[in-house]
Amino acid sequence: MNKEFKVLAKPYMVWLSILVFVPILAMVLISISNLDSSVSVGELVISLNHFKLLLESSTLIAFRNSLIFATATTFLSFVFGYFIAYEIKLSKFKNKFILLTIIILPMWSNLILRTESLANIMSENNILKSILGFNLFGNISGTWMAVLFGLVFTYMPFMILSVYTALEKIDFALEEAALDLGLPPIKKFWKVVFPLSLKGVVTGSIMVFLPTLAGFAIPKILSRGQIVFIGTIIENKFVYTNYNHGALLAVVILFFILGSILLLTKFDKEGETLL
Amino acid sequence: MANKKPLIELKNISKSYDDELVVNDVNLTIYENEFLTLLGPSGCGKTTILRMIAGFIKPEQGEVIINGKIFNDLPPYARPIHTVFQKYALFPHLNVIDNVAFGLNNRSWEYLENFFGKEKIEKEAKELGDISKKNILRKAIKNLIYKDSEQALKLVKLEGFKKRKVDQLSGGQQQRVALARALVNKPQILLLDEPLAALDLKLRQNMQYELKEMQRNLGITFLFVTHDQEEAMTMSDRIVVMKEGVIQQLGSPKSIYNEPLNRYVANFIGETNILKGTYVKKDVVNFLGVDFKCMGYNFNDNEEVDVVIRPEDFDVVDIEKAKLVGEVVFSLFKGVHNEYEVLVKNEKLLVHTYESYEVGQPIGLTIDPYEIHMMKVEKSE
């Protein structure tokens, strides 16, 4: 039995090494080389000259934007997402799965398409305005509000799902025990439910924070190019064939990701709140 | 028992789930300092009664009265009652001592001032510094809470486990922590919901004695729920036998064992023989075709009765002296005694005795008058 599973796992292992490990290794190597479109293969050397890019103000601003928006998105997703997850958990609704499906539903449509339509209803003339007679979002397309709204709208489901999973795992007897020991419901929530759901909050936060930090499509579309994220810069570098620049910035992002995974394993050893 | 103060009174309480009546018009008075057990198979409503007293569910009808006050609408956190849950329900994010201190740690200032008494707090605070400062008093209370918690851990013999995480404890130890966590609050009433069900036999027996001793020493009323009749027998002052939401019999372990009121109780409490008989006249009962002397029962002459004889109440005698003669059809060595099935006039009797017989051997039995118990015949069965 075990042996068969091992054989079945082989294609994936090959896939994993060719399409994940090799590219990552290549990216790290490129990030410390002089590779760009003007360099031919014969001239390839190890070079750290382009590291000054990290201190350029455009890079720093992009990093700052990414960090601020990622943090804000995570925070907002946590506040609203926790509330929604808790409400779902408390709901007497027989089939909670349907509620969760409704939350996941938007994620099944294409991200770019979804963001484009969001940008559309945030601009001055849109279909909602002709239906409702007024502009639901005002004319916020291109502003930081539009970007933040788009990010929260897109990534909050991750938070909701992981917090919900953590909440559902809390034994109801623990809540009864807290009441029994004299804690009124609000105190019960802060002393028992919330601490026990922290795992889900951490998992959810990382699942919101990382794609927001590294993403470029949503800010690019919703800010109409006004707000530059680090992801936008990386994309541009590759588009303009500055491979080593792009790789270097991508490696920096990679460190953020690895750090987050370390944090995650510390909080959630069994990975039980991961989807 | 009559001169004892009633602590909990249940008056005509009923509760149903999905139109099924799980507690049906139950009346029960629980006194101070007693160990009362609700005994019955799963689904008989015993846990529901416990949860109504704890405040987790509201009775649909009737009143839950504690200390003379109606408690129906009071939430669980406002009741002087603590529960030891079946699966312990220890908080996994806290260590052992914080689990025990959890209740007191989250009480209000006024509650704690009342709980420990001003004098005790000030005495503790004097050792820490200026007693007029609020933070010194707060610290003193913290100290007292943890002193009490350690005391409670000592009571359940877990002194060395303060800093352990609860998931590093065995089932028995978790059980003890749960007990300490409830006892540290000095409840008037401790509710125990099948707390020993998950423990192995040896540990369970030990805990039974310890619980009984604790109850006696602390002077707290224990309300215990179990489906294990032996457990109920060992620990209780009084036992309530329940079936389908109705109390079948209430009494001391001895009286329930010896004088069951109906077939259900007789069968539920230990192994027994129930035989059809006729109450011939005063102090004479006929069953298995033989007249027996009996005592202490009043029925009409020639009334049908159910006769209850415990397996250990048969006396094994020589065939000539025997009132009943039968044949051993099955034998089992149980260590202390032998268990036999004896066929007498097409009726199988369960007999416990120290004497040893082989399968197929004839055996003579008599029964002392005071060992013969009788019940009214139930029409429905």
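Predicted model: local features only at pLDDT ≥ 70, side-chain atom pairs only at ≥ 80, totals over all residues.
Trainee: Okay, chain B. What makes a stretch a helix or a strand?

Mentor: DSSP runs do: a helix is H or I over at least four residues, a strand is E over at least two, and both are numbered from the N terminus. On that count chain B has 10 helices and 20 strands. Its C-alpha trace spans about 90 × 45 × 40 Å along the principal axes.

Trainee: How do you know where the domains of chain B lie?

Mentor: The bounds come from an automatic or database domain assignment. That gives domain 1 at 6-255 and domain 2 at 271-376, with their C-alpha centres 43 Å apart.

Trainee: Why is helix H2 (residues 96-105) of chain B called mostly covered?

Mentor: Check the burial rule: a residue is buried if 20 or more other C-beta atoms (placed from the backbone) lie within 10 Å of its own, exposed if 12 or fewer, and partly exposed in between. In H2(B), 8 of the 10 residues are buried, hence the label. Among them are B:Val96, B:Ile97, B:Phe102 and B:Leu104. The cover includes helix H3 (109-116), helix H5 (134-155) and helix H6 (171-183) of chain B. Over the 381 residues of chain B, 37% are buried.

Trainee: What makes two strands a pair, say E1 (residues 6-17) and E2 (residues 20-31) of chain B?

Mentor: DSSP has to find at least two bridges between them. E1(B) and E2(B) have 8 and run antiparallel, so they pass the cut-off. B:Pro6 stands opposite B:Tyr31 in E2(B). The two strands make a hairpin with 2 residues between them, and B:Asp18 in the turn has a positive phi of about 45°. E1(B) also pairs antiparallel with strand E4 (residues 61-66) of chain B over 5 bridges, with B:Ile8 opposite B:Ile66.

Trainee: Why are E6 and E10 of chain B called edge strands?

Mentor: They belong to an open sheet of 6 strands in the order E6-E7-E8-E3-E9-E10, with mixed pairing. E6 and E10 (246-251) have a single partner strand each, so one side of each is left without a neighbour in the sheet. The twist averages 20° from one strand to the next. For a parallel pair within it, take strand E3 (residues 35-39) and strand E8 (residues 221-226), joined by 5 bridges; B:Thr37 has B:Phe224 as its bridge partner.

Trainee: What makes the crossing of H2 and H8 in chain A right-handed?

Mentor: A crossing is right-handed if the near helix is turned clockwise from the far one by less than a right angle, left-handed if anticlockwise. H2(A) and H8(A) come out right-handed. By class, their contact has 9 nonpolar, 8 polar and no charged residues; here Ala, Val, Leu, Ile, Met, Phe, Trp, Tyr, Cys and Pro count as nonpolar, Asp, Glu, Lys and Arg as charged, and the others, Gly among them, as polar. The helices pack at about 145°, axes 9 Å apart, where axes are lines fitted to C-alpha atoms (for helices over the stretch in contact) and angles run from 0 to 180 degrees between N-to-C directions.

Trainee: How do you know which residues of chain A are in contact with chain B?

Mentor: Contact means that the C-beta atoms of two residues, placed from the backbone, lie within 7 Å. By that test, 16 residues of chain A are in contact with 17 of chain B. H7(A) gives the most to chain A's side, with 6 residues. That side has 10 nonpolar, 1 polar and 5 charged residues.

Trainee: And what covers the buried residues of H7(A)?

Mentor: In H7(A), residues 172-180, the buried ones are A:Leu174, A:Ala177, A:Ala178, A:Leu179 and A:Asp180. Their cover includes helix H8 (185-214) of chain A together with helix H1 (46-54) and strand E6 (81-84) of chain B. Just after H7(A), A:Gly182 takes a positive phi of about 100°.

Notes:
Residues numbered from 1 in each chain as written. Chains lettered and ligands numbered in written order.
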